[in-house]
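Please look over the sequence and the fold before reading on. The report below is meant for someone meeting this structure for the first time.

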Amino acid sequence: MKLKPLGDKVVLKHLEAEEKTKSGIILTGTAKEKPQEAEVVAVGPGGIIDGEKVNMEVKIGDKVIYSKYSGSEVTLDKEEYVIVKQGDILAVVE
Amino acid sequence: MKLKPLGDKVVLKHLEAEEKTKSGIILTGTAKEKPQEAEVVAVGPGGIIDGEKVNMEVKIGDKVIYSKYSGSEVTLDKEEYVIVKQGDILAVVE
Amino acid sequence: MKLKPLGDKVVLKHLEAEEKTKSGIILTGTAKEKPQEAEVVAVGPGGIIDGEKVNMEVKIGDKVIYSKYSGSEVTLDKEEYVIVKQGDILAVVE
Amino acid sequence: MKLKPLGDKVVLKHLEAEEKTKSGIILTGTAKEKPQEAEVVAVGPGGIIDGEKVNMEVKIGDKVIYSKYSGSEVTLDKEEYVIVKQGDILAVVE
Amino acid sequence: MKLKPLGDKVVLKHLEAEEKTKSGIILTGTAKEKPQEAEVVAVGPGGIIDGEKVNMEVKIGDKVIYSKYSGSEVTLDKEEYVIVKQGDILAVVE
Amino acid sequence: MKLKPLGDKVVLKHLEAEEKTKSGIILTGTAKEKPQEAEVVAVGPGGIIDGEKVNMEVKIGDKVIYSKYSGSEVTLDKEEYVIVKQGDILAVVE
Amino acid sequence: MKLKPLGDKVVLKHLEAEEKTKSGIILTGTAKEKPQEAEVVAVGPGGIIDGEKVNMEVKIGDKVIYSKYSGSEVTLDKEEYVIVKQGDILAVVE
């Protein structure tokens with residue numbers, strides 16, 4: 001069982017707290033928009049979204065920073081996921 | 001008697017509580033946007049929506065995650081349905 | 001005397017309460033958007049609406065589900081009508 | 001002295017209360033949008049409005065239903081007029 | 001010293017109270033949008049505004065009705081002016 | 001050290017109070033939008049802004065009226081500047 | 001470990017307080033929009049953003065003024081960064 005996102009949507013999985021500590025990333029933000037780190041686990045096909053062509057820039061395995069409030073949380077087989085539009089992903093952490 | 005959605009609209013039917021338990025899907029979300037699981041029972045023809053071409057990506061029988069607050073609930077012949085725009089469907093569960 | 005809607009507008013007439021009972025349709029909805037059943041009594045010519053081509057998908061006699069808050073109520077010759085844009089019609093009931 | 005509307009704007013004159021009674025039209029509406037009946041007394045040239053081509057569908061003498069809150073009231077030579085955009089006209093009464 | 005408006009902007013000068021009485025125009029309006037009469041004293045060049053071609057339909061000397069709240073008031077050499085976008089002009093008074 | 005604005009942005013410098021008196025310009029406005037006079041000290045390159053071509057119509061040295069609330073104030077080397085989009089400039093004072 | 005911004009996004013690093021004093025820049029602003037000075041440390045590839053072509057005008061090392069409330073703050077390896085869209089950068093300080 002897995003999630004197959006539509007359009008420009010991307011399924012993310014939060015990184016474990018330990019992994020966060022190891023990478024030394026501490027996330028802060030304003031009350032309105034809290035960026036968060038997560039790993040890409042599924043990527044929509046892109047294509048024509050709202051009449052405009054969208055190319056997917058992220059791939060499975062990327063670690064990304066995204067804006068929390070734009071996503072929807074889903075729990076599948078006891079794993080937690082977040083589904084966001086690619087435009088809500090701010091940056092890839094390399 | 002059945003519902004034939006217009007344009008990019010999709011008719012969904014909520015999955016039974018038992019089926020939800022079997023698949024192990026637990027849905028959580030923020031107060032603003034609660035994703036929900038449902039089965040596609042009818043799909044609009046797509047076409048030109050707000051002047052942009054929309055191709056329908058979901059088909060009858062797909063199990064999907066959608067954003068609850070964007071849909072309209074309808075009860076027809078004692079069955080409950082939700083009518084959403086395809087853009088409010090986040091992902092297909094496979 | 002009759003109503004001839006402009007552009008993408010559609011004139012609807014509410015179904016009688018008895019007819020509603022016969023068809024077994026019970027309509028529920030969120031507080032923000034109450035879908036309603038009605039019959040199409042007049043259809044605008046479509047054409048270029050807000051600079052985009054709109055084709056009319058409904059026809060006189062169709063029974064439709066629409067979002068109540070987007071329409072305007074009019075009483076003409078003691079009959080009540082609702083005028084909505086076609087985009088506010090969710091589905092045709094067949 | 002007369003009003004010559006610009007673009008897609010239309011000058012309307014309210015029908016007399018007596019005429020309303022004769023035609024048997026009673027107008028009701030939601031608190032947010034009160035449709036009203038009026039006669040078209042001047043029609044703008046249409047053309048490119050907000051970058052989109054607008055063709056004028058109403059003509060002088062048409063009796064129309066419009067959404068009150070989108071118009072501006074003007075009194076000229078002791079006659080009251082309302083200036084609306086054509087898109088705020090819902091239907092022509094025939 | 002004079003004002004040269006940019007783009008689709010138009011400089012208006014309020015008509016004297018006496019002139020208003022002579023023409024018999026009394027302006028009323030809703031609390032949200034008060035139409036006002038004024039004379040055009042300068043017209044922007046039009047051209048591409050927000051990516052769309054705008055042709056100027058008014059000329060210096062025109063008496064126009066406009067929506068007050070969309071304009072900005074300026075006093076230059078003891079004369080009061082209002083600068084509005086052409087789209088906020090409702091009609092020319094002839 | 002100087003400010004080089006991006007895109008359709010323009011750097012303005014408020015005119016001295018004395019200069020304002022000399023030119024006889026007194027600015028008034030509604031509570032929502034206070035127009036202000038300033039001198040252009042730097043002009044962005046224009047180009048494609050939000051996907052639309054923007055040509056810069058103002059040049060260094062122009063005295064302009066702008067809408068205060070759309071700009072950002074910056075103090076550089078003890079001089080105060082305001083950075084606005086060209087679309088927020090209402091008129092050039094000649 | 002570094003941040004690679006997507007699309008039209010830019011990663012900024014706040015200038016040290018000492019450096020601010022040396023350059024003599026004091027930033028003020030309205031309560032709604034506080035401009036801030038920062039150095040560009042990473043630039044997205046630009047390309048098609050919301051269906052429109054965006055060319056990146058800033059480069060690594062540029063000192064820029066931006067609107068604070070549009071950005072997201074991130075701390076990576078004990079360094080603080082802000083991720084903004086290029087459109088939220090007002091000017092380059094030269």
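Predicted model: local features only at pLDDT ≥ 70, side-chain atom pairs only at ≥ 80, totals over all residues.

Strand 10 of chain F runs antiparallel to strand 7 (residues 63-67) of chain F, to which 4 bridges join it, with F:Ile65 having F:Ala91 as its bridge partner. Strand 10 of chain F is also joined by 3 bridges to strand 1 (residues 3-5) of chain E, again in an antiparallel arrangement, and here E:Lys4 has F:Val92 as its bridge partner.

E:Lys4 also forms a salt bridge with F:Glu94; since E:Lys4 lies in strand 1 of chain E and F:Glu94 in the segment after strand 10 of chain F, the pair joins two chains. E:Lys4 is partly exposed at 42% relative accessible area, and F:Glu94 is partly exposed at 45%.

Over all chains, the whole structure holds 21 salt bridges, including those in the table.

| Salt bridge | N to O distance |
|---|---|
| A:Lys4 and B:Glu94 | 3.7 Å |
| A:Asp62 and A:Lys59 | 3.1 Å |
| E:Lys4 and F:Glu94 | 3.7 Å |

Within chain A, A:Asp62 is buried, with a relative accessible area of 10%, whereas A:Lys59 is exposed, with 54%.

Elsewhere in chain A, A:Gln86 sits in the loop between strand 9 (79-85) and strand 10 (89-93), and its relative accessibility of 7% makes it count as buried. Leaving aside residues up to four places away in sequence, A:Gln86 touches several residues, among them A:Asp8, A:Val54 and G:Leu6.

Notes. Residues numbered from 1 in each chain as written. Chains lettered and ligands numbered in written order. Heavy atoms only, no water. Pairing = 2+ DSSP bridges. Buried < 20%, exposed > 50% of the residue type's maximum accessible area, 1.4 Å probe, protein only. Contact = heavy atoms within 4.5 Å. Salt bridge = Lys/Arg side-chain N within 4 Å of Asp/Glu carboxyl O.
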